[in-house]
Amino acid sequence: MTEPDHNTTHFGFKTIPAEKKVSLVADVFHSVAAKYDIMNDVMSMGIHRLWKRFTIDCSGVRPGQQVLDLAGGTGDITALFSKRVGPTGKVVLADINASMLQVGRDKLRDLGLVNNIEFVQANAEALPFADNTFDIITIGFGLRNVTDKDAALRSMFRVLKPGGRLLVLEFSKPEQQWLSKLYDIYSFKVLPTMGQLIANDKESYQYLAESIRMHPDQDTLKSMMEQAGFAEVSYHNLTGGIVALHRGYKF
Amino acid sequence: MLPLLPQIMCSAAETLLTRLIAMDPEARNRLARLQGKQLSFTLREMPLTIVLTATAETILFNQHNEPVDCAISTDLASLRLLRDPSQLTRLIKADVLQIEGDIQVAQQFSYFIQQLDPDWQQALSRYTGDALAHKISYLLHSLHSYLLLKQQQLEQLTTELVQDELQLSPTPTELQLFSEQVSQLHSSVELISQKIKQIQG
């Protein structure tokens, strides 16, 4: 993915000044936060829960580990991790967006998960943690909204413990041509309409569809992770490549 | 294997077991001893490893190949035999069962599952009221004992049919008598063969 200019970046299909992306993305998520979970279930037909479970499986999490759930949003992945690391471990739910963090905090509290979870409002490009802090870092459906992805990956590499692993769960490029066509119709025709009906917000879901198309494909992201310093980078395509899980280690 | 199928299975198993554990008031105490332990289970026939993690409230299911406290690997045929502890050494020697790590963890998990006694009548009474829940529970119990009785009767009937009516198989007494006769015959033959030897010699 080539950036058009040094000081500009993508916001969906639009090109905007880089410094504006954070606030524009923030607007999108302030707008969708309240309906985020129900929209996820409707849009993915519930499959997002399995994608997240697959991420947990690939993390090989053990009781007592320190986990960072970046762009954790409404806390789905955090909830799965929190049960698995137990009272001796810790999960940090970090999101740049205060509204999403608030929804996540309320939801996790309602689930009774409070003891081993911390909430941090943080920018993925400059993580406010010491070097070598976490055993596992996950970023689920968040990386494509980050302005400077390379800086974010380097920042994650820094806070990861040696031997730790990064898992990037993100929309990607479908492997088959026919699936790609079907997926295009779904995301540009059906999705914005559903967004309009359920969350009364067509633009945000239009952005979602566009931002997915602008996100680097499987191999580009893999080489980006390698450039940031990650070793043994591999990816799994899920649901025909609509979503891909990238995994990299820090040694 | 269908993609994401292990995740569906783990998710379903986790939900089911969590419900069952929540129904057993004693389970929490027993689970406390297991908390933080991980047991992995691999079937030779299937290319996946299920990992059980015990927490304070429930047992979680995952699918991965990372190191755990105790790893069990076996095949479908010997799965049944695992319940009998006296068979374990034989299975390990025959190389159908492999256990790596702390075997106590495996025993504790197995003990916990066997001891699990969900009080489903209590859970049911929340929806149907106590009276109906009792009735349903009573009905199921009598159905169970009725089926047990019928099973016993069927076994008895089959035995009688085979031994007495159709005479396909001997009764225990007949069998004993027959084997006594065989022994007698054996000793007689022995005696005769001794005598023949004496005469020859």
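## Around L238(A)

Setting aside neighbours within four places in sequence, L238(A) touches W51(A), F54(A), V243(A), A244(A), L245(A), P3(B) and L4(B). Two of those names, P3(B) and L4(B), carry the letter of chain B. This is a predicted model. L238(A) lies in strand 8 of chain A, residues 231–238.

Is L238(A) buried or exposed? L238(A) counts as buried, because 20 C-beta neighbours lie inside 10 Å and the cut-off for buried is 20 or more. K202(A) sits elsewhere: 36 residues along the chain separate K202(A) from L238(A), and their C-alpha atoms are 27 Å apart.

## Where chain A meets chain B

Chain A gives 14 residues to the contact, and chain B gives 16 residues. On the chain A side, two elements supply two or more residues each: helix 3 (47–59) and helix 4 (76–85). Which helix has the largest share? Helix 3 of chain A does, with six residues. By class, the chain A side holds six nonpolar, three polar and five charged residues.

Helix 3 of chain A packs against helix 1 of chain B, residues 5–23. The angle is about 95 degrees, and the axes are 9 Å apart. Angles of 65 to 115 degrees count as roughly perpendicular, so helix 3 of chain A is roughly perpendicular to helix 1 of chain B. Helix 3 of chain A uses L50(A), R53(A), F54(A) and D57(A). Helix 1 of chain B answers with Q7(B), I8(B), C10(B) and S11(B). This helix pair has four nonpolar, two polar and two charged residues in contact.

Chain A has an open sheet of seven strands. Their order is 5-4-3-6-7-9-8, and the pairing is mixed. Which strands form the edges? Strand 5 (117–121) and strand 8 of chain A do; each pairs on one side only. Neighbouring strands are turned by 15 degrees against each other on average, direction ignored.

Strands of a sheet pair through backbone hydrogen bonds, either parallel or antiparallel. Strand 6 (residues 134–140) and strand 7 (residues 160–171) of chain A pair in the parallel sense, over six bridges. One bridge joins I136(A) to R165(A) of strand 7.

## Helices on the sheet

Helix 4 of chain A packs on the sheet. Helix 4 touches strand 3 (66–70), strand 4, strand 5 and strand 6 of chain A. Its direction makes about 165 degrees with that of strand 4. Helix 6 of chain A, residues 149–159, also packs on the sheet. Helix 6 touches strand 3, strand 6 and strand 7 of chain A. Its direction makes about 145 degrees with that of strand 7.

## Around V91(A)

V91(A) belongs to strand 4 of chain A, residues 90–95. V91(A) is buried, because 30 other C-beta atoms lie within 10 Å. Residues up to four places away in sequence aside, V91(A) touches V67(A), D69(A), T78(A), F81(A), S82(A), V85(A), N116(A) and I117(A). I117(A) is 26 residues away along the chain, with a C-alpha separation of 4.9 Å.

## Helix 8 of chain B

Helix 8 of chain B covers residues 172–200. At 1.5 Å a residue, its 29 residues should span 42 Å. The end C-alpha atoms are 42 Å apart, so the two values agree. How many of its 29 residues are buried? The count is zero: helix 8 of chain B is hardly covered.

Note on methods:
Residues are numbered from 1 along each chain as its sequence is written. Chains are lettered from A and ligands numbered from 1 in the order in which they are written. This is a predicted model: local features need pLDDT of at least 70, side-chain atom pairs count only at pLDDT 80 or more; totals for chains, interfaces and linings use all residues. Two residues are in contact if their C-beta atoms, placed from the backbone, lie within 7 Å. Helices (H or I, at least four residues) and strands (E, at least two) are DSSP runs, numbered from the N terminus. Ala, Val, Leu, Ile, Met, Phe, Trp, Tyr, Cys and Pro count as nonpolar, Asp, Glu, Lys and Arg as charged, and the others, Gly among them, as polar. A residue is buried if 20 or more other C-beta atoms lie within 10 Å of its own, exposed if 12 or fewer, and partly exposed in between; C-beta atoms are placed from the backbone. Axes are lines fitted to C-alpha atoms, for helices over the stretch in contact, and angles run from 0 to 180 degrees between N-to-C directions. Angles under 35 degrees count as roughly parallel, over 145 as roughly antiparallel, 65 to 115 as roughly perpendicular and the rest as oblique. The expected span of a helix is 1.5 Å times one less than its number of residues. Two strands pair if DSSP finds at least two bridges between them.
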